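Subject: Structure for you to look at

Hi,

Have it open while you read, if you can.

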Amino acid sequence: MQHFRRLVIAIATTAAALTAAPAANAVSTPDTVEAKRTTAVVTLRYDDSQARGWETAIAAGVASWNTNVDNVKLAKAQPGTRAEIQIVATSGWPQATIGPVRPGGRGRVELGSQAVSQGYDKTRIAAHEIGHNLGLPDTKPGPCSQLMSGSTGGVSCKNAVPNAAEQARVESYYVNGVASHVPAVGHLVVDAP
């Protein structure tokens with residue numbers, strides 16, 4: 001009888017402990033794991049103060065990424081604060097460093113007027129070059145529907161929206177709020193045709 005009483009007390013104690021356990025100790029289901037993964041957002045600040053004449057295109061390119069990627073948000077840096085992404089206007093061909101840029105890291109985008117003078121769309125250029133900083137390489141040759149096809153989309157191409165594969169790839173680089181390391185990080189890509 002004593003053994004039975006100890007068993008009942010042990011079961012009651014265990015049940016009480018499980019009932020009182022905080023939700024943090026609950027078993028994760030695929031839905032809660034997915035929710036945790038998508039809620040971790042990396043914010044990268046950009047400085048476009050040296051990109052005079054490109055402000056509208058940059059804002060539209062940033063908005064395209066912010067609308068289409070859930071776990072990375074681009075925000076304009078306040079004057080005097082450090083930005084992870086430096087955006088400058090140049091007279092040459094557009095170019096950028098390959099990311100994914102990490103919080104506190106450094107990426108560079110050069111928006112070259114030579115492409116604009118040949119008829120390429122400024123907003124597509126800005127979104128494309130920012131895509132490099134987010135870790136995407138060129139996919140040349142490629143159709144207009146691929147943002148990272150760059151100049152091979154043709155001068156009539158105005159698409160500044162990453163396709164589903166490009167969106168998923170960027171999101172995979174920033175899973176759980178951490179930018180993963182990619183072998184080409186820091187390499188400069190010049191986007192001449």
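The largest nonpolar core has 33 residues, and the members that touch the most others are Leu44, Ile58, Trp65, Leu74, Leu134 and Tyr174. Several elements give two or more residues to this core: the strands E1 (42-50), E2 (72-76), E3 (85-90) and E5 (107-112), together with the helices H3 (55-68), H5 and H6. Please keep in mind that this is a predicted model.

For the overall layout, you will find six helices and six strands in the protein chain. Going along the sequence, their order is α-α-β-α-β-β-β-β-α-α-α-β. The protein chain has 193 residues, and 39% of them count as buried. If you take the contacts between residues at least 6 apart in sequence, 63% join residues at least 24 apart. As for the surface, the protein chain exposes about 10200 Å², with carbon and sulfur atoms supplying 60% of that area.

The link between Cys144 and Cys157 is right-handed, with 80 degrees about the S-S bond. Both cysteines lie in the loop between helix H5 (122-133) and helix H6 (164-173), so the pair ties together parts that are 13 residues apart in sequence.

Are the two partners buried or exposed? Cys157 has a relative accessibility of 3%, under the 20% cut-off, so Cys157 counts as buried. Cys144, at 28%, falls between the 20% and 50% cut-offs and therefore counts as partly exposed.

One more residue to look up is His132, which sits in helix H5. His132 has a relative accessible area of 0%, so this histidine is buried. Which side chain does His132 meet in a polar contact? The partner is Asp138, and the contact between the two side chains is 3.2 Å.

Best wishes

Notes. Residues numbered from 1 in each chain as written. Predicted model: local features only at pLDDT ≥ 70, side-chain atom pairs only at ≥ 80, totals over all residues. Heavy atoms only, no water. Disulfide = S-S within 2.5 Å. Helix = DSSP H or I, 4+ residues; strand = E, 2+ residues; numbered from the N terminus. Buried < 20%, exposed > 50% of the residue type's maximum accessible area, 1.4 Å probe, protein only. Polar contact = N/O pair within 3.5 Å; in protein donor to acceptor, adjacent residues only side chain to side chain. Core = buried A, V, L, I, M, F, W, Y, C linked by side-chain atoms within 4.5 Å. Contact = heavy atoms within 4.5 Å. Areas by Shrake-Rupley, 256 points an atom, 1.4 Å probe, with all protein chains shown as cover.
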